[in-house]
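Please view the sequence and the model together.

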Amino acid sequence: MNYGPLLRATREIRGLTQEEMGEHLGVSRTVVTKMEKDRVVLIFDRALKWFEVTQTQKVVDLLQSGVEIAVIIDCLSTLIGGLIKWF
């Protein structure tokens, strides 16, 4: 599965840069970039930490319930777009 776009969307919702996310995860910005582009294997513990940092733990629930990643990303993208228009 490709989690990269989902990771990026949740990071952007919280307004975190890749550098800031890397600091929270204890990895470099380069690793965050690779995670968001699906160029590294997503380690379960790191994924959980990512969703904890971005306060999007509900995403884990949705994934476990079988909701497809594309549907979640679409919902998050709508939210991001709405927030941008609101500002």
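Against which helices do the buried residues of helix 2 pack?

## Basis of the model

The model is predicted, so that local features need pLDDT of at least 70 and side-chain atom pairs count only at pLDDT 80 or more, whereas totals for chains, interfaces and linings use all residues. Residues are numbered from 1 along each chain as its sequence is written, and side-chain values use heavy atoms, with hydrogens and water left out.

## Helix 2 and its partners

The buried residues of helix 2 pack against helix 1 (4–13), helix 3 and helix 4. Contact here means heavy atoms within 4.5 Å. Helices are DSSP runs (H or I, at least four residues), numbered from the N terminus.

Helix 2 spans residues 18–25, and its buried residues are Gln-18, Met-21, Gly-22 and Leu-25. They lie on the same side of helix 2, because they cover an arc of only 100 degrees around the axis; the arc is that of the directions from the helix axis to the C-beta atoms. Buried means under 20% relative accessible area, exposed over 50%, and partly exposed in between (1.4 Å probe, protein chains only). Just after helix 2, Gly-26 takes a positive phi of about 75 degrees.

## Positive phi in two loops

Asp-38 is located in the loop between helix 3 (29–36) and helix 4 (44–53). Its phi is near 55 degrees, a positive value in a residue other than glycine. Asp-38 counts as partly exposed because its relative accessibility is 31%.

Gln-55 belongs to the loop between helix 4 and helix 5 (57–64). The phi of Gln-55, a residue other than glycine, is positive and near 55 degrees. With 54% relative accessibility, Gln-55 counts as exposed.
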